[in-house]
Amino acid sequence: MKTVKSSFKFHGGVHPEYHKDLARDKAIEAIPLPGTLVISMSQHLGAPAKCIVKPGDKVVKGQLIGEKGGFISANVHASACGTVKSIELKQGAAGGYANAVVLETEASDETAYMPPLDWKTATKEELLKRVEDAGICGMGGAGFPSSVKLNPPPDKHCEYLILNGAECEPYLTADFRMMLERADRVRTGVEIMRKVLNGPAVRIAVEANKPEAIAALEKAFADIEGNVEIVVLPVLYPQGSEKHQIYATVKRIVPEGGLPIEVGCVVENIGTVAAIADAVTLGKPLIERVTTVTGDGVNDPKNVLAPCGTRYEDMVAFAGGAKEDVRKVLSGGPMMGFNVADMSISTTKTTSGLTLLTEKSVFQYSSHPCINCGTCLRACPMSLNPAAISCAVESDDIAFAEKYGVMNCIECGACSFSCPAYRDVTQNCRRAKAAIRTRIAREKAATAAAAEKRS
Amino acid sequence: MSAVLIAIGVVAGVGAVAALALAIADKYLAVQEDPRIGLITAALPGANCGGCGFPGCDGYARALVAGTAANGACSAADDKCVAEIAKILGVAATATEKRVAIVHCCGTRSNAIRVGDYNGIADCAAAAAVAGGDKGCRFGCLGYGACANVCPKHAISIVDGLAKVDKRLCIGCGKCVNVCPRRVIELVPAKATVHVLCNNPLRGPDVRKVCQVGCMGCHLCEKNSGGKEAGHFTFDGFLAKVNYENYPTDGALVGKCPAKCIVEDAHFESGH
């Protein structure tokens, strides 16, 4: 075990103000059980889970309530004991709608966890099955199901397991507190994952602005065997992006449209690794997570351990309530987060933070024409030409945007952040990506229909 | 003086030679084209909207002559136009009904409850992607004018945060129907005069939370139009819809809607 400094710097990136001091020193606090939980069936990437409970059913904490609905999907479990009140179509933070179980909770210590496994004696298949059963998905934001990540196709070999502890998003401190307070759980998780992936080298990537976390990890991993390194990354946004982290730690480049496994890497978020440890050693499915409730719009910013499905209003109330002049509420941080307009939206497995900003810190702008300064080109970590793409999208030239590689855009927001003309560059890229995806889906449907007609 | 004459002579000479060459080319290199194509193109509305699925009116005319398109695929052509095309083609005309677009929403800025400010790209799909737009209702018109931007006849205007279609200008090409991310625009018979201007199928209390003029599914319109048997209205959840196969004509229904979302001749006249 050693600690090294990363010497590989990717192109671009920006330095937003981090504001992490708001919740940095607040220990993780568990929220008192809210009266109502709204547990979405679509907390992960891929197909939503199939709901297997009916209104009126009694459920126990940890009980399976949604079965994975496809290969890329994840199970959903009840986050608390209680009665299913209804099953409704509810809006998620990203704007999409999915079925959600509205649960009226009751205080009870009863749990329906799976039997604990001893990871040292359990087989690889058992461990993988457990990760799948526990409904674990990436907790960094995208929510890619971990069972799929940990089960690479037979022709691909995982050489590096990279732990993402960069947390480059401003304001958020959930992963930082996790590393500080639960470093031992992270270690157990790493050992389990290492076993499942046939012993890859482990790289724990942490940004240099978290020296306490690095010290805690060094202590927890001190006597670990094998090729394990803590890689200290320079402070740069978007250091936590999967592709950029792979480049910064092992200097490999993920091919266009490809997954990290194609260059022999698996990247998992710190929270996910700890959740895997809990799922195996305690049998506890992924039903709660640490969410940072922060921003200058809350009275008492803190890191909250809350059951998945806690409504945002309950989260904010626990953090001392919102100030009167809150102007903007973001699910996530200010760079990648989603604007929310409804505080009855509930947290999911991927809600890493809730940022409330007041009038003072929200910049109201209007977009101006591009001045061709090229600042966004220097900022784009994917080396795209956001200015040209944005202008093309504004004149509905989606084909041009596609030719200029808009599908590689990771929507990190560095271009909009750096634009001196306040253009909605990232939003235009998103628009182009959505249009291209719709077109591809339509073409696929047309091909399928044509094939059916022929047969 | 002579230089001027020479110049005139040269230009006239070149002109004469070129005219001769063109006359010969016109006679010997002419492409034989069905004369009906030109006649049909002239008879068509000429909007080149592409609503028929062919590249413009000329493309449609060619397809008609080739027999690969049905006379009536042009939604902009009225009965007179269809009859004329049928005459040119030498076939019997089929009756068509002029259809126009209507926006099933009356949530203006004052009626619809707004849940936030949106100051990103002024486009409906882009606004819908950010927390579902700034209006609380997720079924209604967003009011950023994606439909107005694609309308080939400039028949759609955004008035007070709501798209309105000018019935006189609308040719029923359906471009707006396809571009709307909320699917709130529909092509309806131009003769129908009574419309339900709401697209929210949720229960009354949920609708009221987001809009002052949303349909609550009280079925009063159905009762007042002769009951279920009359079949003038259909219901989707808690949303009344006019059955445009059998549309009501009684203007008295309008005043009786407690939600005030039934209107008579909703088509806005922009005065273009």
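Chain A contains 13 helices and 18 strands, where helices (H or I, at least four residues) and strands (E, at least two) are DSSP runs, numbered from the N terminus. This is a predicted model, in which local features need pLDDT of at least 70 and side-chain atom pairs count only at pLDDT 80 or more, while totals for chains, interfaces and linings use all residues. Residues are numbered from 1 along each chain as its sequence is written, and chains are lettered from A and ligands numbered from 1 in the order in which they are written.

**Overall form of chain A**

- The C-alpha trace of chain A spans about 65 × 60 × 50 Å along its principal axes.
- Of the 455 residues of chain A, 53% count as buried (20 or more other C-beta atoms within 10 Å of the residue's own; exposed means 12 or fewer, partly exposed in between, with C-beta atoms placed from the backbone).
- Among contacts in chain A with a separation of 6 or more, 74% join residues 24 or more positions apart; a contact means that two C-beta atoms, placed from the backbone, lie within 7 Å.

- Helix H6 (residues 242-250) of chain A has 9 of its 9 residues buried, so it is largely enclosed by the rest of the structure.
- The buried residues of H6(A) include Glu242(A), Lys243(A), His244(A) and Tyr247(A).
- Cover for these buried residues comes from elements including strands S10 (160-165), S11 (201-207), S12 (228-233) and S13 (265-269) of chain A.
- Lys251(A) follows H6(A) and has a positive phi, near 55°.
- Pro238(A) lies in the loop between S12 and H6 of chain A, and the peptide bond from Tyr237(A) to Pro238(A) is cis, with omega near 0°.

**Packing of H4 against H5**

- Helix H4 (residues 183-196) and helix H5 (residues 211-220) of chain A pack at an angle of about 55°, with their axes 9 Å apart.
- That angle makes H4(A) oblique to H5(A).
- The crossing of H4(A) past H5(A) is right-handed.
- On the H4(A) side, Ala183(A), Asp184(A), Val186(A) and Arg187(A) meet Ala216(A), Leu217(A), Lys219(A) and Ala220(A) of H5(A).
- By class, this contact has 5 nonpolar, no polar and 3 charged residues (Ala, Val, Leu, Ile, Met, Phe, Trp, Tyr, Cys and Pro count as nonpolar, Asp, Glu, Lys and Arg as charged, and the others, Gly among them, as polar).

**Contact between chains A and B**

- Chain A supplies 15 residues to the contact and chain B supplies 11 residues.
- Strand S17 (338-339) and helix H13 (425-454) are the elements of chain A that give two or more residues to its side.
- H13(A) gives the most to that side, with 5 residues.
- The residues on the side of chain A divide into 4 nonpolar, 7 polar and 4 charged.

**Positive phi in loops**

- Ser383(A), a residue other than glycine, has a positive phi near 55°.
- Ser383(A) sits in the loop between helix H9 (375-379) and helix H10 (386-394) of chain A, and counts as exposed with 12 C-beta neighbours inside 10 Å.
- Glu411(A) has a positive phi of about 55° although it is not a glycine.
- The loop between helix H11 (398-403) and helix H12 (414-418) of chain A holds Glu411(A), which is partly exposed, with 17 other C-beta atoms within 10 Å.

Key. Axes fitted to C-alpha atoms, helices over the stretch in contact; angles between N-to-C directions. Parallel < 35°, antiparallel > 145°, perpendicular 65-115°, else oblique. Left-handed = near helix turned anticlockwise from the far one by under 90°.
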